[in-house]
Amino acid sequence: MNADAVVLDVDGVLVDVADSYRRAIVESVERVYDRTIRKPDIQQFKDAGGFNNDWELTYAAALYVLATGEGYDRSIDDFTDEIAANGGGLEAAEDAIRDGLGAQATRRVTDRWDRDRLRDVFQQLYLGADLYRGLEGGEPDLETAGFIHDEPVLLEETTRDALVEDDDRSLGILTGRPAPEAEIALERVGLDDAIPLEHRFTMDDWEEGKPHPRALVTLADRFDAETVVFVGDTLDDVRTANNAAETDPDREYHGVGVLTGGLTGEDGRRTYEAEDASVVLESINELPALLEE
């Protein structure tokens, strides 16, 4: 690839979030509404696109659960397929429910749809009581240890050192995490001091979110790069690189998918390839060899 800049996603690439962010989605809906979706269903929303923000995915999951109580009879597969067909994201989820239920039943659903409470419960479950007090500035009503502490590191030390010590390539971060939560993850994997703030894009730095290309193109500008590799664990990560290539044709962008997030095995590999991923890796730890080739 001869890349002179490497940009990394965090979740599913540097740390495993199956028992943290994804668990928080399922349990937040359960705690607020006494019913929820299954953890494997989360990938259906991710594949539909527009759900890089896990709070918004939680809202969409809750919307589906509430709608089924009003007679919405479509499966998660059909629901997320309709979301994808309408461009992805929360607004498309709302349109799908409105089309399936009609105005009156939808109003009853949205009257019970408490996004503020869902977000608050999510943050309490994910951060735990101590971090919640520090980062959210409030007093939690749930005494929890925090799922954030259940994120195994995926990035091996040898891989980290190879990426950090590579003088031929700049290194950046592009993540949907809020900045404080991104800092915690980067500290855990040993990249907090290696990547300066101007080489990071978090949720706090841009409104559009993935797969909008602005953040990736901005990082490419800051690196003065000619060829950029973006490594992620979702289709929206690959779409971000492909959208950047269309927006910024004077550079090369390569979307690299890893099989350590929601997309795994041969099915995951085929799904990435169908989305025109440049390369699919078993994990981030194969990246240095790829770059050397």
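Me: Why does the largest cavity lie between domain 1 and domain 2?

Reply: Start with the general idea. Rolling a probe the size of a water molecule over the atoms shows where empty space is left. Now this structure, which is a predicted model. Domain 1 (5–16 + 152–292) and domain 2 (18–148) both give residues to the lining of the largest cavity, so it lies between them.

Me: How many cavities of 30 Å³ or more does a search of the whole structure find?

Reply: Two. About 210 Å³ of space lies in the largest cavity. The second largest cavity holds about 30 Å³.

Me: Which residues of the lining lie nearest the centre of the largest cavity?

Reply: Look for Asp-11, Tyr-21, Lys-46, Asn-52 and Asp-54. They belong to a lining of 20 residues. By class, that lining divides into nine charged, six nonpolar and five polar residues.

Me: Which elements give two or more residues to the lining of the largest cavity?

Reply: Helix 1 (21–33) and helix 3 (54–68) do.

Me: What are the angle and the axis distance where helix 1 and helix 3 pack?

Reply: The general idea comes first. Two packed helices are described by the angle between their axes and the distance between the axes. Here, helix 1 and helix 3 pack at about 40°, and their axes are 9 Å apart. Angles under 35 degrees count as roughly parallel, and 65 to 115 as roughly perpendicular. Helix 1 and helix 3 are therefore oblique to each other. Their crossing is right-handed.

Me: Helix 3 also packs with helix 7. At what angle do helix 3 and helix 7 pack?

Reply: About 125°. Helix 7 covers residues 115–136, and the axes of helix 3 and helix 7 are 10 Å apart. Helix 3 and helix 7 are therefore oblique to each other. Helix 3 passes helix 7 in a right-handed crossing.

Me: Now the other cavity. Which residues line the second largest cavity?

Reply: Its lining is Leu-63, Glu-94, Ile-97, Arg-98, Thr-106 and Thr-110. The classes are two nonpolar, two polar and two charged.

Me: Which helix gives the largest share of the lining of the second largest cavity?

Reply: Helix 5, with three residues. Helix 5 (90–101) and helix 6 (103–112) each supply at least two residues of this lining.

Me: How far apart are the axes of helix 5 and helix 6?

Reply: Two packed helices are described by the angle between their axes and the distance between the axes. For helix 5 and helix 6, the axes are 7 Å apart and the angle is about 135°. An angle counts as roughly antiparallel over 145 degrees. Helix 5 and helix 6 are therefore oblique to each other. The crossing of helix 5 and helix 6 is right-handed.

Me: What about pockets? How much space lies in the largest pocket?

Reply: A probe cannot get out of a cavity, whereas a pocket is an open set of points. In this structure, about 230 Å³ of space lies in the largest pocket.

Me: Which residues line the largest pocket?

Reply: Go through them along the chain. The lining includes Gly-50, Asn-52, Asn-53 and Glu-56. Thr-175, Gly-176, Met-203 and Trp-206 line the pocket too. Glu-207, Glu-208, Gly-209 and Lys-210 complete the list.

Me: How many residues of the pocket lining are nonpolar, polar and charged?

Reply: The lining of the largest pocket has two nonpolar, six polar and four charged residues.

Me: Which domains does the lining of the largest pocket draw from?

Reply: From domain 1 and domain 2, with at least three residues from each.

Note on methods
Residues numbered from 1 in each chain as written. Predicted model: local features only at pLDDT ≥ 70, side-chain atom pairs only at ≥ 80, totals over all residues. Heavy atoms only, no water. 1 Å grid on protein atoms, 1.4 Å probe; cavity = no way out; pocket = protein on both sides within 12 Å on 5 of 7 lines; lining within 4 Å. Points joined across faces, edges and corners; volume = space filled by probe spheres on them. Helix = DSSP H or I, 4+ residues; strand = E, 2+ residues; numbered from the N terminus. Nonpolar A, V, L, I, M, F, W, Y, C, P; charged D, E, K, R; others polar. Domains from an automatic or database assignment. Axes fitted to C-alpha atoms, helices over the stretch in contact; angles between N-to-C directions. Left-handed = near helix turned anticlockwise from the far one by under 90°.
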